[in-house]
Amino acid sequence: MFFNPRLRFILIFSLIAAGIVAMLLNLGPTISILTWGFAILLLLGYFLFGHINGALFALKAGKIEQAEKYLAATHKVDWLLASHRAYYFFCQGLIAIYKSQEKEIEPEKRLALLEKGEQQLLQAIDLGMRRKAEKAMSYLNLAHIAYYRADKAKAEKYAQLLAEHLTEDLHLKKGYEDLQLAIAKMS
């Protein structure tokens, strides 16, 4: 379950205010403590989990700008749990690669975005993603970057890692087949 950033902070401030009002109305400390406890849980959820799930759902739906907004709402990436930090970098890497594929982009900027995407995906893999499909998608994108740079050795290395993490996902299988054909044509 996830909240959009605005709703989360509205709930936090509303719960804090409700606790203060409960104390002012002499409703007993139990109500105040409970409302403040829920506010603290929401705040802890923000710092430990961020809005990573929202960004993943937005990316899956193809809403790149919305995913960027969710990621931008995460202010302390180092405070995220390791698994959520991995998915934060995974999303950042995919967004950078997506932006590098725009038609009107300058070659220098394209290379910079691909470099950023590569670094983010490698960081996500190092931190450890739970699902095999995301690892496979990361390796597919890393192989794509190596192919774009005409680095056959790296492309083959990432293709091998992709093969080890391949799932039943038809898009990944098709991407793997296309990658194998592209690598075979490299000199």
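Predicted model: local features only at pLDDT ≥ 70, side-chain atom pairs only at ≥ 80, totals over all residues.
A crossing is called left-handed if the near helix is turned anticlockwise from the far one by less than a right angle, and right-handed if clockwise. Residues are numbered from 1 along each chain as its sequence is written, and side-chain values use heavy atoms, with hydrogens and water left out.

Helix 8 covers residues 152–165 and helix 9 covers residues 170–185, and the two pack at about 155° with axes 11 Å apart. That makes helix 8 roughly antiparallel to helix 9 (angles over 145 degrees count as roughly antiparallel, under 35 as roughly parallel, 65 to 115 as roughly perpendicular and the rest as oblique). Axes here are lines fitted to C-alpha atoms, for helices over the stretch in contact, with angles from 0 to 180 degrees between N-to-C directions. The helices themselves are DSSP runs (H or I, at least four residues), numbered from the N terminus.

Who does the touching (contact means heavy atoms within 4.5 Å)? On helix 8 look for Lys152, Ala155, Glu156, Ala159, Leu162 and Ala163, and on helix 9 for Tyr176, Leu179, Gln180 and Ile183. By type, this contact has 7 nonpolar, 1 polar and 2 charged residues (Ala, Val, Leu, Ile, Met, Phe, Trp, Tyr, Cys and Pro count as nonpolar, Asp, Glu, Lys and Arg as charged, and the others, Gly among them, as polar).

Helix 6 (residues 107–127) and helix 7 (residues 132–148) sit with their axes 10 Å apart, at an angle of about 145°. Their crossing is left-handed. Helix 6 brings Arg110, Leu111, Leu114, Gly117, Glu118, Leu121, Leu122 and Ile125 to the contact, and helix 7 brings Ser138, Tyr139, Asn141, Leu142, Ile145 and Tyr148. That works out as 9 nonpolar, 3 polar and 2 charged residues.

Helix 4 and helix 5 cross at roughly 140°, and their axes come within 11 Å. Helix 4 goes past helix 5 in a left-handed crossing. Ile64, Ala67, Glu68 and Leu71 of helix 4 meet Tyr88, Cys91, Gln92, Ile95, Tyr98 and Lys99 of helix 5.

## Aromatic rings

A search of the whole structure turns up 6 aromatic pairs (rings of Phe, Tyr and Trp, using its six-membered ring, pair if their centres lie within 6.5 Å; planes under 30 degrees apart are stacked, over 60 edge-to-face and the rest tilted). One of them is Phe9 with Tyr46, an edge-to-face pair at 5.1 Å centre to centre and 65° between the planes. Phe9 is in helix 1 (residues 5–24) and Tyr46 is in helix 2 (residues 29–49), so the pair links parts of the chain 37 residues apart.

Phe9 is partly exposed at 28% relative accessible area, whereas Tyr46 is buried at 5% (buried means under 20%, exposed over 50%, partly exposed in between, with a 1.4 Å probe and protein chains only). Phe9, Tyr46, Phe47 and Trp79 form one aromatic cluster.

Leaving aside residues up to four places away in sequence, Ser100 touches Ile105, Arg110, Leu113 and Leu114.

Ala72 belongs to helix 4 (residues 64–72) and is exposed, at 53%. From Ala72 to Leu42 is 30 residues in sequence and 18 Å in space, C-alpha to C-alpha.

How values were computed. Contact = heavy atoms within 4.5 Å.
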